Amino acid sequence: MADQPADKKLFENLSGAGKAIGVLTSGGDAQGMNAAVRAVVRMGIYVEAKVYFIYEGYQGMVDGGDNIVEVSWESVSSILQVGGTVIGSARCKEFRTREGRLKAAFNLIQRGITNLCVIGGDGSLTGANLFREEWSGLLEELAQSGKIEEEAVKKYVYLNIVGMVGSIDNDFCGTDMTIGTDSALHRIIEVVDAIMTTAQSHQRTFVLEVMGRHCGYLALVSALACGADWVFIPEYPPEEGWEEQMCVKLSENRARKKRLNIIIVAEGAIDSHNKPITSEKVKDLVVQQLGFDTRVTILGHVQRGGTPSAFDRILASRMGVEAVLALLEATPDTPACVVSLSGNQAVRLPLMECVQMTQEVQKAMDERKFCEAVRLRGRSFENNLNTYKLLSHRRPDAELPKDDLSCSTNFNVAVLNVGAPAAGMNAAVRSAVRVGITEGHNMFAVIDGFEGFARGQIKEISWGDVGGWTGQGGSLLGTKRTLPAKYLEKIADQMRANNINALMVIGGFEAYLGLLELSAAREKYDEFCVPMVMVPATVSNNVPGSDFSIGADTALNTITDTCDRIKQSASGTKRRVFIIETMGGYCGYLANMGGLAAGADAAYVFEEQFDIRELQANVEHLTEKMKTSIQRGLVLRNENSNENYTTDFIYQLYSEEGKGVFDCRKNVLGHMQQGGAPSPFDRNFGTKISAKAVQWISKKLKETYRKEGKVFANTQDSVCLLGMRRRNLLFQPVVDLKDQADFVHRIPKEQWWLKLRPLMKILAKYKTSYDVSDSGQLEHVARHSPKEAETGAI
């Protein structure tokens, strides 16, 4: 690993020597729990702590015996890609009694366990906190009854608790995403995409019931990701008379030649009087009022099943490592904490603050304070709801805002895709078009990027034209890598001919370069003196100014799925190492994060230079690994990581050096990483970031409108890139980002994910230093005002 700056806070040799950590999963299972268990075990062993599985949750802790077992590094091999939880989960009435907790305390003391990592929902975590509060009293009682020595009471006087939330419902306040939520969305969207084809064939209406007894997150986000006609969630019941409104909307959509209708119902959906709204009730209403052919699909436990998504594996791995660090740093004064995700950061929050806010949501719903319930759910939830409301229902022309500054016309806004295709681009275009129309603009689509722009391939695009676009891969508008520099005059002519007042560019590094060129050309062409905004969309995730790009998550899932299949094939033959080449240009994001999600032994990237000595060390590492029961290896290489150490070279080197110990295979994934239907994350991210970009355009148009009927914007802050930075979405002038870009290699100079490189090495049993300068800060649960949601998280 590269040398670290002196001011970095490092754990070179994190020491948990003498500590014992117990890990359990409790409550409902969720995909990604095994990734969290694996990370806790391997990080625990890495810091020289003893780690114990507690099988069957709290029941296993109460029963003791073979339910609490010390584990080794190899115990968690091959569980990263497995759904559910391999250590089991069970409801336990006995643990709710003091008698049960007394037994649990005794069983833990027998093994010296005073550090607990609990992966579960709010009920499981609340139980853990109570256990912690009672701990010293339980030990005193055990000593008085002669079950343990007084010495043990002094030695094990404190119990440390760290929680991770495993819940597909995403119903825990304080974290943007819980472990399992993204995978559950994958299952839902797979079903929706499959249903859409059959529904279109027969002109059917489908009512889908998804999980979420107390929280509508799954229903809301899946509705946003598939462009559902209507959604019912417990936090935001429909207004009085919703039955008629819904039927009118479904009829209007059919009249516009829409061949299918999708209605999504959360299992806990209610009306404004707190009465249940069931999927059967919705179906009966549609059949009786409209006579549409209607079917109900209840997804049920399908949503809990299947392999975890790349997002959940990375999230759970990061949280697992952070949980071990939190346990090592815990003092008697540290409150029980929960490891959460805020934007792009793992943070620690006091457990009971999160539980209290989660309970407040239910209380607000019971008291029919639904706006309060939505606010308490957090910025991400509120943002989803506001975006869905914007996109789902077209207001009548009479209700659209008219430009009070110009009586003759509304503004004309053009949208184009630039660069290589990326899954989620179409969802972004759909969102831009519909929000633009809602804002009162005329929306224009540019075909085939800047090249098409110069040729005049521009057409007005309506609300209905983008129906059904969210689930489509690639770029329906067409996209090219061509930059505008050689077409400036022709593009300016087209801007003038079509009276384009603002420009929205969706694309990768070429899109960024294109906006820089248009911005520089303002001196010569007044036509470019209009608001321009870029939304990052590229599988490479190499755009300066944004931690994430639309399309990267879908590519990551493709890589992860392929690696899973490859590992499975290797498990049959034994002693085999696979070398896999990923896309990304010079950006190692896909190789690094794919390696973390797939449990790779190494990932070679351009940003962290490597030499023959490191290649040799990796071969030796794999040779040692083949002596264990884990007789397979996985190595990822970014396509441009090194011009001399090519994929073929590394394959030949490994083959030669591993002779007699292991054999090698290589696989170049190629353009399959750009294809396929977009993941729920990319649909959702593309939809929300585009909506925000168009709202920014509206604001800038009003600011830059001139009396003579023209828009004139020539300040730096009128050409911006909208990117996700740590915890927030930020508009940044493209000129200001020049210092942050390496134009030769087309990557940002600083990349957040490089901090996660040591994680993969640690989880693959390499000794390395780990930067924890972002860790260790216990924060408080933020309560935001309604205005904060507008600037907030994705």
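Helices (H or I, at least four residues) and strands (E, at least two) are DSSP runs, numbered from the N terminus. I noted that Val 231 stands opposite Ile 264 in β9.

This is a predicted model, in which local features need pLDDT of at least 70 and side-chain atom pairs count only at pLDDT 80 or more, while totals for chains, interfaces and linings use all residues. Residues are numbered from 1 along each chain as its sequence is written, and side-chain values use heavy atoms, with hydrogens and water left out.

I then followed the sheet: it is open, has four strands in the order β8-β9-β7-β10, and its pairing is parallel. β8 and β10 are the edge strands, each pairing on one side only. From one strand to the next the twist averages 15 degrees; axes are lines fitted to C-alpha atoms, for helices over the stretch in contact, and angles run from 0 to 180 degrees between N-to-C directions. Helix α6 (residues 181-202) packs on the sheet, where it touches β7, β9 and β10, and its direction makes about 165 degrees with that of β7. Contact means heavy atoms within 4.5 Å. I also found α8 packed on the sheet, touching β7, β8 and β9, with its direction at about 150 degrees to that of β8.

Next I turned to α9 (residues 279-290), a helix of 12 residues. Its buried residues (under 20% relative accessible area, with exposed over 50% and partly exposed in between, for a 1.4 Å probe and protein chains only) are Ser 279, Val 282, Leu 285 and Val 286. Seen down the axis of α9, these residues fall within an arc of 125 degrees, so they line one face of the helix; the arc is that of the directions from the helix axis to the C-beta atoms. I listed what the buried residues of α9 pack against, and β7, β8, α8, β9 and β10 are the elements. Just after α9, Gly 291 takes a positive phi of about 70 degrees.

Lastly I checked α10 (residues 310-329) and α19 (residues 589-598), which pack at an angle of about 80 degrees with their axes 8 Å apart. These two helices are therefore roughly perpendicular to each other (angles under 35 degrees count as roughly parallel, over 145 as roughly antiparallel, 65 to 115 as roughly perpendicular and the rest as oblique). Ala 310, Arg 313 and Ile 314 in α10 meet Met 593, Leu 596, Ala 597 and Ala 598 in α19.

Methods
The expected span of a helix is 1.5 Å times one less than its number of residues. Two strands pair if DSSP finds at least two bridges between them.
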